[in-house]
Amino acid sequence: MSSDAEHGRADRSDDVRDLEGELASTSAGHVGIPVDAICVGCGRIRVKRADPEEMGQHPQVDPTTLDATGLTSFTHVCHPCGSVTWWNPVAVLTGLLDAERDRGE
Ligand SMILES: [Zn+2]
């Protein structure tokens, strides 16, 4: 039960990322659970929305109960790669979900 640890901030990297901005960008997708994921093609980490079923989870799963280590890879477009690639989830961004709820989305 450590999925609440991120709170929308990734402190592991050396650069400061705007996770909410990444999530709001069209390249993140419009539906699904926000996750931090790494592209197997180019190795970059980006916020993506993924359907729970794409990650081997029940469609009605509570995102706050998810652990990134239990998620399977999913396909999503990667712009640097210029095509649809596989992404490995590295963190479930439940903090971003909470922020959306706070805004009434
Ligand atoms: Zn890529």
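**Notebook: strands, zinc site and cores**

Entry 1. I began with strand β3 (residues 74-78), which is joined to β4 by five bridges, the two running antiparallel. The model I am reading is a predicted one. Within this pair I looked up individual partners. Histidine 76 has threonine 85 of β4 as its bridge partner, and cysteine 78 stands opposite serine 83 in β4. I then turned to the hairpin that β3 and β4 form. Four residues lie between its strands, and glycine 82 adopts a positive phi near 75° there.

Entry 2. Strand β1 (residues 33-39) pairs with strand β4 (residues 83-92) in the antiparallel sense, over five bridges. As one example, I noted that aspartate 36 has alanine 91 in β4 as its bridge partner.

Entry 3. In what order do the four strands lie in the open sheet? I read the order as β2-β1-β4-β3, with antiparallel pairing. The edge strands are β2 (45-50) and β3, each of which pairs on one side only. I also looked up the angle between neighbouring strands of this sheet: on average they are turned by 55° against each other, direction ignored.

Entry 4. I moved to the metal. Which residues are the protein donors of the zinc ion? I found Cys39, Cys42, Cys78 and Cys81, each through its SG atom, at 2.2 to 2.4 Å from the ion. Along the chain, these donors follow the spacing C-x2-C-x35-C-x2-C. The angles among the four donor atoms are 108 to 112°, and the site is tetrahedral. The assignment follows because four donors count as tetrahedral if all angles lie between 85 and 135 degrees.

Entry 5. Is cysteine 39 buried or exposed? Cysteine 39 has 2% relative accessibility and therefore counts as buried, since buried means under 20%. Cysteine 42 has 38% relative accessibility, so it counts as partly exposed.

Entry 6. Finally, I looked up the nonpolar cores. The largest has 13 residues, and those that touch the most other members are Ile33, Val35, Met55, Leu71, Phe74, Trp87 and Val92. The elements giving two or more residues to this core are β1, β3 and β4. The largest share, four residues, comes from β1. I also recorded a second, separate core of five residues, among them Leu19, Leu23, Val47 and Leu93.

Key
Residues numbered from 1 in each chain as written. Predicted model: local features only at pLDDT ≥ 70, side-chain atom pairs only at ≥ 80, totals over all residues. Heavy atoms only, no water. Donors = N, O, S within 2.8 Å, 3.2 Å for Na, K, Ca; no water. Tetrahedral: all angles 85-135°; square planar, octahedral: opposite > 155°, others 65-115°. Buried < 20%, exposed > 50% of the residue type's maximum accessible area, 1.4 Å probe, protein only. Pairing = 2+ DSSP bridges. Core = buried A, V, L, I, M, F, W, Y, C linked by side-chain atoms within 4.5 Å. Axes fitted to C-alpha atoms, helices over the stretch in contact; angles between N-to-C directions.
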